[in-house]
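Open the model in your viewer and keep the sequence panel beside it. The tour goes stop by stop.

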Amino acid sequence: MSIIPEDSVSFQEDSWDTLQARLAESVVSIMCTSPIAFDTRKSYTGTATGFVVDAENGIILSNRHVMSAGPSFHKATFFNNQEVFLQPFYYDPEHDFAFFRYNPAELKGVTPRAIRLAPEKARSGLEIRVVGFAAKEKMTVHQGELSQLDRNAPACYDDDDTYSDFNTFYYQASGISGSGSSGSPVVDIAGDAVALKCSANASASLNFFLPLQRVKYALEYVRQGKIPPRGTLQAVFSHQPHVKAERLGLTAELAASEGIDTECSTGVLTVKKIVPKGPADGVLKVGDIVVSVNGTVVPGFPELFEILDAAVDQNVSLRVFRSHEFTTVTTTVQDIYQVTPTRALRLGNNIFHEMSFLEAAETSSVAITGVKVIGNFSAMISNYQTTNCRLITEVNYKPTPNLDAFTDIVQKMHSDEPIVVKAIDSTNPRNERGLILCSSRIGKNPASNFSFTVGVSRISATLAYIHPLYPFSVLSTVFSRSLVRDELRVGLDIALVIPTLDHLRTSDYTPKPARVLDVQFTLEDAYTAHALGVSKQHIADLMAMSTKNQFYKVARELSIHTTGAHSLVVGDIVLQVNGHYVQGIVDLASFDTDEVELRIVRNGKELTIAVPTAPLCEANIRNVVCWAGMILQEPFHSVNHNAVSLASNAYNFIHDNGAPSVAESYHDNMFVVEIGGHAISTLDDVVQVARLLKDPKQAEFNAEVAANKEFKSGTIPGRDVKIRAVLINGDEIVKSIRTNDHYYPAWQLMRGPRIDDNWSFKEI
């Protein structure tokens, strides 16, 4: 018999009008952050719902996809807006439910009562309410009616998220409760939970709920601080109605001979998928109808898994219907936690962990072995050419059956050593510098690793230079091959490229930033130019020198922040630069002087004006700072073109997924001007403030985590900090965040001034 705490009672005022008031203190909004992708789920920040199922011990029930199987942190907001940090305690390795713990002593002014789990009350036609925090709003209540109790679990795919439930029934109801209602209790008029909200189909206006039989089973163990036993055969089962079973040969008479009551049950369990080399492999076959286990008829998922969970590491006898006859097979029930990853390795921008039964069952058809990689592994392994292959079974000709073997191999490797997957040859490069010209679409990120192939050789390179104006980059490498200019076949005029290559051949430093007019030009033909005031003599002089017969008109002023702003205005036609006719865009593209003399036509009149040139922002970024998940650098040139004001030189253009900086509200493309009351104008200011705000308990906390010491609510190192920033449109924003020095430590990437200098990384 289940033990129910005294505070876990059904509410007796059976009225829908009073339901929200009765449940208000028991349902919480959960802010959830998962800093890394793990086991079919990407990193994210979001909100969801949970509800108290044990007030005395501080236990909250929500979804597995809310908790995340990997590293994560959460806080709950109660009805009176009080926040407490949650400790992820248990997530089910197969189904979409999880339990959090909080410290009841931390609550002030709110006394939650546990919502009773009553799976036995679920029935078709039952009127229900879904109580949660949909769309980040205050508590919402959605009404509905349970319409189906025996459907198979719905597929829930979202971009690169592939989490779905299986091996369980799901309940179905019409109506939609929005994003943020995951983890909501599905209650009857008495306030008892009959199911758990998990997902929805917006196009069909359907909600899907997880039954609570296995949830209630797990809760009894969680109350005692224990992990509930869970068994698996590494097989996926599907529930099919009796009419389909008859088509497979299992008639009502044959079913009755094995104790199956087709009048009282809705269907049978069939084998949908078998994971290779698992307990069911070679024992069960896809299409088998499972009749009974250890002599007990199993018409549905609850009966099957009640037996398997109680028989971990034991043999079970399964009676199955196969090829129009009954047969009995035997296999051993495996502990499902043996095929559930609990560790991860971060290497570069990739996450590595062992494969799970969840992924094997849902997204692949391979045995559970090897190491799964999440991220763009091709950035590390240049011959790793397919994004569909996500399982590494061998590195440098050595098997990697698990994460320990993989870690042991990569720990012994050097940073410049090639990583070989399967059979790839690599030779050492020659020891001299060479330059490689490429499109800026390839060499667009300064903080990147590059390699190229010559014959059978894979050769590493560094990004020597990104041209701030023209769409090309130059890589520097120790492999040398002479560049023959007349063999170049590129869309960009080679005359624009050669000066940069000549400089890089003779200097160890990048060229000085180019200077430009900071306007955008458009082409006009001679007829239009004459109509705008260009004399026939100028047209004749230009035609004598060039066959293009084109004139350059100012179409847009690109920046209002430079010294030359408004010197040229829209509609100006530039005839000459420093006394020479403009014959092509090369003559207007860039300059090496602070000022140029232009002969222009403005409003039908010829003028000679001196125009200051503006230095291009450095495209070759050499300093990047990350704080609270915000990636900051000096603003680049296109920011100058679009920003209403340049409020600081600490520009946030991107963030880490799940970062504290976007937990409450999402903003990128902003100038950070203040952090924690400290004025910010440069990246150095950010570094200094990051040091001041670093939690001194970080090292102690890391040691406790390494020792598997249980942490209490709110002890994750970090501080509440106010940020003031100016958006690119000029709007000023202020937001409060809580830093997380454990998952999001501050760091800095720096690169020296020389072409061949590499990036250095350090934590702040």
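**Start at a strand pair**

Select histidine 74: it stands opposite leucine 86 in β5. The strands here are antiparallel: β4 (residues 73-77) and β5 (residues 83-91), joined by four bridges. Two strands count as paired if DSSP finds at least two bridges between them. Helices (H or I, at least four residues) and strands (E, at least two) are DSSP runs, numbered from the N terminus.

This is a predicted model: local features need pLDDT of at least 70, side-chain atom pairs count only at pLDDT 80 or more, and totals for chains, interfaces and linings use all residues. Residues are numbered from 1 along each chain as its sequence is written, and side-chain values use heavy atoms, with hydrogens and water left out.

**Along β5**

Now take the hairpin of β4 and β5, with five residues between the strands. Click asparagine 81 there: its phi is positive, near 70°.

Follow β5 to its other partner, strand β6 (residues 98-101). This pairing is antiparallel too, over four bridges. Proline 88 has phenylalanine 100 in β6 as its bridge partner.

**The barrel**

Select β7, β8, β9, β12, β11 and β10, in that order. They form a closed barrel of six strands with antiparallel pairing. From one strand to the next, the twist averages 45° (axes are lines fitted to C-alpha atoms; angles run from 0 to 180 degrees between N-to-C directions).

Zoom in on β8 (residues 140-152) and β9 (residues 169-174), an antiparallel pair with four bridges. Asparagine 152 bridges to phenylalanine 169 in β9.

**A covered helix**

How many residues of α3 (residues 213-223) are buried? Nine of the 11 are. Buried means under 20% relative accessible area (1.4 Å probe, protein chains only). Among them are Arg214, Lys216, Tyr217 and Glu220.

Show what surrounds the helix. The buried residues of α3 pack against β2 (44-54), β3 (59-62), β5, β6, β12 (206-210) and α6 (301-309). Just past α3, glycine 225 has a positive phi of about 75°.

**Zoom out**

Select the whole chain: 15 helices and 47 strands. Of its 764 residues, 51% are buried. Contact means heavy atoms within 4.5 Å. Of the contacts between residues at least 6 apart in sequence, 64% join residues at least 24 apart. Finish with the surface: the chain exposes about 35500 Å², with 49% supplied by carbon and sulfur atoms (Shrake-Rupley method, 1.4 Å probe).

Note on methods
Buried < 20%, exposed > 50% of the residue type's maximum accessible area, 1.4 Å probe, protein only.
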